[in-house]
Amino acid sequence: MAGTTSYEPEQHIGGDSAAPGYDPSYVPDSVKSFVAHMYRHIREKNVYEIHLMYETSFHSISDRFFKDSPWPSVDAVATYVDNDHVFCLLYREMWFRHLYARLQPTLKQRIDSWDNYCNLFQVVLHGVVNMQLPNQWLWDMVDEFVYQFQSFCQYRAKMKNKTEQEIALLQQYHQAWNVYGVLNFLRALVEKSTIIQILEQEKEGLVQFTATDGYDYSGGSNVVKVLGYFSMIGLLRVHCLLGDYHTGLKCIVPIDISQQGVYTSVIGSHITTIYHYGFANIMLRRYMEAIREFNKILLYIFVNKQHHQKSPQYEQILKKNEQMYALLSISLSLCPQVKLVEENVNSQLREKYGEKMLRMQGYDDDAFALYDELFSYACPKFITSSRPSYEEPLVNYNQDAYRLQLKLFLYEVKQQQLLSGVRTFLKVYSTISIGKLATYMELDESTLRTFLMTYKHKTHAVDANGKITSNANVDFYIDDDMVHVSESKPAKSYGDYFMRQIIKLEGAITNIDRIKLE
């Protein structure tokens, strides 16, 4: 049900997951010390030490002893943690996450990981949880859960070269990573946590949740509440993978994306939330909302990425950063609202995609191919959640969902291309008669009116509150047979320009001061 990080590249399946000579019962002294201390800190609710061991010690031990092999089995370490059932479930969760990150899981290991998530979440949902765990770990649980579901669906859809043993296992364990099971666990965590009610009460000043980053400083547990909170983001991601963008956005309505929140306390959660939120809005033609949120997260990464250079997630942060720039270039090409983009972000965007964005404005076959290229690079790895057909001949269908979403997106782009002439002429005139505009566009008046109505439709969208909003930089209305045009002109901002020059000057002065004169 969860995995390493939403940015982890798709693993190829096949081969044995264990390196030659791997002994699951051998436990190095550093691992004995790690699990014993981790167990003690969890019992003492020492979140700081847990986070330090989870983020630093686990990765350093992995690099030293288990670069190409799994960690010791849970049976081998259980004796060092008093055979504690919950700790063993947490250890296995980390064990499988390491396996997915470093190796190639077998089908049986995928199924075992599903069973472990089921057991772990059953404890959270139906047991008494008295732990405080770092938000990073709780986010990684939900994130990995969704990632492994996505990975399993992609693996299962590649039927062509499956062995008889693999097909038999898939048929035997058909409930493993079932889409309804995944969605039900995430929804159950949201309901159990009462997080929606907690966030509503927080708005009224009755409780504190965001201010404490979800932690309970009165001696209670943060596990259920924060897992429920992150599960809303997990639901957004799952629904985006399935192509159900409207439902995905509904799942995170309780989280105010325009404000700082617990989701921003973990860099992976922050990026995953905005990436899927922005992508869903693009697919629903809410381009301005996507532009606004991509601008904010890209500016945040631009300013803060150096602080995450030593993070295991750094490469994935950079990858998602590049994908979001590609999505921003798509959004601005379809909805040229550059005034919503901060200067530093705009500068990076021009450097990366400036030339392509100019070509995308051409609305020809070349532009169409660029939309295809950027969408394919930046979109999520869509999944087909249905079970495969085991009838001969076996065929791969892992690309079907992607092709469908690409087709829908390009169909929308094609419709926008048909309207390019309308936009071009509307930019030239403040008023023009229907007859004159029809003559210039070489259309009859009836067809032109249809085009104008289509333009109105394509430049308006229904927002999350049910209100109709305009994405148009050039709008118009028709009075009798006259078209009256109003173009939104962004106010020039000189402050950003002077701030950039001041920063450059300060940098130059600093460099000059470092020079030692002979």
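Helix 5 gives the largest share of the lining of the second largest cavity, three residues. This is a predicted model, so please hear everything I say as a description of a prediction.

Let me stay with that cavity. Its volume is about 50 Å³, and the structure holds three cavities of 30 Å³ or more. How do we find such places? Rolling a probe the size of a water molecule over the atoms shows where empty space is left.

Which helices supply at least two residues each of this lining? They are helix 4 (85-102), helix 5 (107-126), helix 6 (135-156) and helix 10. Among the lining residues are Val86 and Leu90, then Leu120, Val123 and Val124, then Leu138 and Met141, and also Val223 and Leu227. Val129, Met131 and Leu133 line the cavity too. By class, the lining has twelve nonpolar residues, with no polar and no charged ones.

Leu133 comes up again in the largest nonpolar core, which has 142 residues. Leu133, Trp137, Tyr229, Phe230 and Phe409 are the members that touch the most others there. Which helix gives the most to this core? Helix 10, residues 223-242, with 13 residues.

Now look at Tyr229 on your screens. Leaving aside residues up to four places away in sequence, Tyr229 touches Ile195, Leu199 and Phe209, and also Ile255, Gly261, Val262 and Tyr263.

Methods:
Residues numbered from 1 in each chain as written. Predicted model: local features only at pLDDT ≥ 70, side-chain atom pairs only at ≥ 80, totals over all residues. Heavy atoms only, no water. Core = buried A, V, L, I, M, F, W, Y, C linked by side-chain atoms within 4.5 Å. Buried < 20%, exposed > 50% of the residue type's maximum accessible area, 1.4 Å probe, protein only. Helix = DSSP H or I, 4+ residues; strand = E, 2+ residues; numbered from the N terminus. Contact = heavy atoms within 4.5 Å. 1 Å grid on protein atoms, 1.4 Å probe; cavity = no way out; pocket = protein on both sides within 12 Å on 5 of 7 lines; lining within 4 Å. Points joined across faces, edges and corners; volume = space filled by probe spheres on them. Nonpolar A, V, L, I, M, F, W, Y, C, P; charged D, E, K, R; others polar.
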